[in-house]
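Subject: Structure handover

Hi,

Here is the structure for you to look over. My notes follow below it.

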Amino acid sequence: MEPDVSNEALMKFELGELAESEIAAIRARLHEPDVATRLAHVRHLLHAMRDGRLDAPSAASVRRLKRIPRPDLFASLARALGQAADTLIATVAYDTRLHPAVAGMRGGASAAHVAYEADSLDAHIRISAEGQQRRMTGQVTRTSGEPCPGAVAIVRLDEPGASIQLISLDDAGMFTIDLEVGRYALAARCGERDLDIGDIEIS
Amino acid sequence: MSQTTSEAKRLLDELDGRDDRAIGTWLTRSADPAETLRGALALLERQKIGDPRAVERDASKLARIAQSTLAPDAASDIARWAMLTRAPALTYTNQFEKAINLLAAAREGASSRIVAEALLREVQPLARLGRLKEASESAHAAARGFDAIGVHVQAAKARVNAGAVERMRGRPEAAVDAYERARDAFLSDPPTLAQVDSNRAFALIDLGRFDESEAAFHAALSAFRDAGLGRAVAIVEGNLADLDARRGRVAGALQRFERARQLFEQEDAPGDGARVLAEAAELAAGAGQWDEAARMFDEAVPGLAAAGLRAELARAQLAHATILQRSGHERESIDLITEAQQGFESLDNPRMVAACEVQLAESHAGLGQHDLARRLFDKAIARAKGRAFDEAEAIAPALLHAARLEDRERAHTLAQRLDPSRFDHPILRARICFALGLAARLSDDLDTSRLRFREAIALLHGMQGALQADRFRVAFMRGHTDVLERFITLMLDHPSPASAPGEADRLAFEATELARSRALAISLIADRSDEATAARADNWRALREELSALYSLTESGEQASAQVRARIEVVRTTLDEIERQTLANASANGDAAGRVMPPEAVVDALGESCVVAYYAAGDELFACVVHDGRVRLQRHLASLTRVHAIADRLAFEIDRAARDAVVRPAALERTTERCEALLEELGMLLWAPLGDLPARVTVVPYGRLHAVPWPALSVANNTPLASRYSLTVAPSATALAELKRRRSAGDRWTLVSVPDERAPQLLAEARALAHRFSAERTLIAEDATLDRVRALAADSSLLHLATHGVFDPSSPLEARLKFGDRWTTARDLLDMNLPGTVVVLTGCETALTDVVVGEESIGLSRSLLAAGASLLVMSLWPVHDTASRRFAEEFYRRIPDDCAARDLQRAVTKAAAEAAIAIREEFPHPVYWAPFLTVGDGG
């Protein structure tokens, strides 16, 4: 069996920091789905960082790169909606919890708002508080803003054995769910594609 | 000091340093060696009770000395006294079995006196082991024994012990009898008599004889004070607090608990401090302050356990379980109640076991296990039989349970056994009235049902008004909203048949007003000096300064560090605690609830004003339209769930647009239509069915509808209501009627602007408006300190605050505005004096509130209205710097230069609506033009 291609090597490959022989060795492995997928994640991450869209890699990217197992949200989506054509990895475009206020506004928003982007899909999530209850309102659309049929799969990560919930997107691509404070993993189906939104801490 | 006593003391002093023989020699020369030895043992018992080894060593030595110096009989007597001496020290250190065995050994072949003394000393270890029946028998036997040999003071002490045990056994009548029989022996010993009276008072509480109990506690309090016994005074203060709490006198109880807690702190008595804290927590829980109560329980429980206060520990567990049950954590509550029940069972206390069964029944009912709940209620009722108060406390919830299950027969049977007039405890009376109201409703006796509900509500409002501060009043209704909801539903579905045409709608409106913003209405008329005093306390101010500095660290636009956030939490909690303590010592506005305008007077007080007051019964959203002294009910407007869903989507779109407006304005184009569609959808549901309305309308929203941009709703052609109506929002019609009594004194305007690099247009706004404000009443940047703003605001008819705003839904009293020297929170604003002032705030989210139970909305608006403002212009979401500057310019352009103070509110409301429409052409997305709302009296 061929030795594993490390993420560090993939990162250097993408950054052009490898010797020619090393580049050739990696190219020879790119037909392997695992190596190709991880390279895509590395590439996505680097692009996002170059564009200044990230202060830190998204939880999903970190999880993928570290190969941390998680409840299989995609299997749930597939069972309910059929197999997706492909899976995109979302990156955080902005998170008002990290940057509560920006120039041009007279204060910040009290509800958290996180925007995600992927190659052809966007997702927005708003988390508002009412006592101990938290309400997540979100929207998943094509990058053009056009809604598409689909659903969101969500599972609580800090509660062992928590079951995956599926919420259908409405005509505008929106969904709402009441949640308790905790850590959750999120994925969505929009049209023929799945979107790995990643983990989100609800405090 | 008698010769024997002084010799006993000397004997004890010299016990360490000299050998037995030398002491024996000295002892033979004393006046009465046997008495001297007994005296020394008695002193030893008192002085070294906490050190059983020292007591055993010294008592054994004295017994040996007796053996070498006294005749055999006398020496044997002293040996038994030595055992009697050792037993209390063993008990004190929880070696109960050892103490009991020692006392049994002492009794064998002993004189009547020693037998009686041994019986008296075994009462406590037996009781601590939960062997209450044996403890009671020993105490009574000791009393008889002492009486038989004429030692009446000891007999009385034995009866006092018997009284304590009888109370623990749930036999308060026997306890009162024992205490009363003991009293005579202590008439010449006021502190001891006071102790007996204090214990007797508790037994009287158990019997529901509250007046006699209060008199007994007061007698004890005054005796302890005269004797300078600080710790005893603290204990009785705590007891009186407990009595006040049981009688539903929350305000008095809070004051006394706090006094007791402070006294215990001075006396360095942590066990007692924990007990008082647990009792205060119980009271806080009853008053709806659940988070605070849970925190207090957490603090008190280790102290109770460490001090071995088992009964108090079980009671704290039971009360804590009540909070869990009421906040929907039934399973956790059942675990805790079971633990408490085991505690009370081991103490052989059937009274509290019954209380546990009631609580268990409620928790199981909450889980839908109704048969089990019914059986537990019945068990508790049977156990409480013969004790009217306890019985009522068990029957009332059982009746509520039966009525909710529509079990007519059981409800009828239980209702027959309840009579609220027998009790002077307002919460119990309110519960009984509510339960009877439900039972009457089940029997279709609607008039009785209405009367009972109304009586219950009046009792609850009376208690709410007696609380010292707004936060206590707000919290109070938690756990008491059921009666309000049932009353409203009854008034909607079954208006009084006797009422005149149109009267039914009016009665339904009055019912909704009773359920809404009562605490705010009280705050609008109550004396706020107590809260202002709290705000001026030195440590309070220092912590506020620190909090302000911490908020400054979070304002840079970046997320605050974990350390900063943690410190903010610590400071907030400390401030809460200081307020709780300060306010607990403050005077209550006892009659404030009674001074709030009654709902039946509100319609007339509103005169020609038109008010649209929304409310929901279940999922049905309805509106009461009040105009020209009449009320029109508009039912079935929409499903509340549907309206919430649309409002949520709108909030989502607006929040996203607020960010897009500054980061990527081009993205707004595709969401403008979507927002407008949502505004129209809401308008069609909330406004269109109301029919013709006059041009000036005050909206009283319900729940989450407080965050709806009412002037921006449309019913057709994308035309905002603002273009046709002059709309104002008010927390309740009653609050509006109270606000209408306010009029501004004078015509001075004050401008405050605190710009920074993130919102440079704040300065541009101040410059653009400068011509409307005098230079000496214009405060810019660092000149705009809280103190200076407060000073100028005190005689301003209009105050313009162009500064950043922050709203924190997890802590709405920490909603804040940026001033030149600090962040000023909703708490700080309570300390302002605004003489009917119109306040215009052009920062972010200044109108947002957290709407808590009882339709009380907490945020900047509440504080400003409570501080005296009559009308506020505020924003519902993060506002755009430039668009808001433009709004302010257009707004002031529409207020005439010569606008008289009496016309100001009306002019401001109209100007706010017109300014929004004016900037809409320039900034078409609602995120720009629609955030501003007028709140209060629109004139």
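Are Tyr615(B) and Phe622(B) buried or exposed? Both are buried. Please keep in mind that this is a predicted model.

Aromatic pairs next. Over all chains, the search of the whole structure gives 15 of them. Tyr615(B) and Phe622(B) make one, a tilted pair with 6.3 Å centre to centre and 45 degrees between the planes. Phe891(B) and Tyr892(B) are edge-to-face, because their planes stand at 85 degrees, with ring centres 4.9 Å apart. Both Phe891(B) and Tyr892(B) are buried. These two also belong to a cluster linked by ring pairs, together with Trp749(B), Phe773(B), Phe887(B) and Phe932(B).

Charges over rings:
- Arg659(B) places its charged end over the ring of Tyr94(A), 5.1 Å from the ring's centre.
- Arg816(B) lies over the face of Trp823(B), 5.9 Å from the ring centre.

Now chain A. Its domain 1 covers 7-52 and its domain 2 covers 70-202. The C-alpha centres of the two domains are 28 Å apart.

Chain A also has an open sheet of 5 strands, ordered S1-S10-S9-S6-S7, with mixed pairing. S1 (86-89) and S7 (165-168) are the edge strands, each pairing on one side only. On average, neighbouring strands are turned by 25 degrees against each other, direction ignored. Inside the sheet, S6 (150-156) and S9 (182-190) pair in the antiparallel sense over 7 bridges. Ala151(A) has Arg189(A) in S9(A) as its bridge partner. Helix H5 (73-81) of chain A lies across S1, S6, S7, S9 and S10, at about 40 degrees to S9(A).

Best regards

Conventions: Residues numbered from 1 in each chain as written. Chains lettered and ligands numbered in written order. Predicted model: local features only at pLDDT ≥ 70, side-chain atom pairs only at ≥ 80, totals over all residues. Heavy atoms only, no water. Domains from an automatic or database assignment. Pairing = 2+ DSSP bridges. Helix = DSSP H or I, 4+ residues; strand = E, 2+ residues; numbered from the N terminus. Axes fitted to C-alpha atoms, helices over the stretch in contact; angles between N-to-C directions. Contact = heavy atoms within 4.5 Å. Phe/Tyr/Trp six-rings, centres within 6.5 Å; stacked < 30°, edge-to-face > 60°. Buried < 20%, exposed > 50% of the residue type's maximum accessible area, 1.4 Å probe, protein only. Lys NZ or Arg CZ within 6 Å of the ring centre and 35° of its normal.
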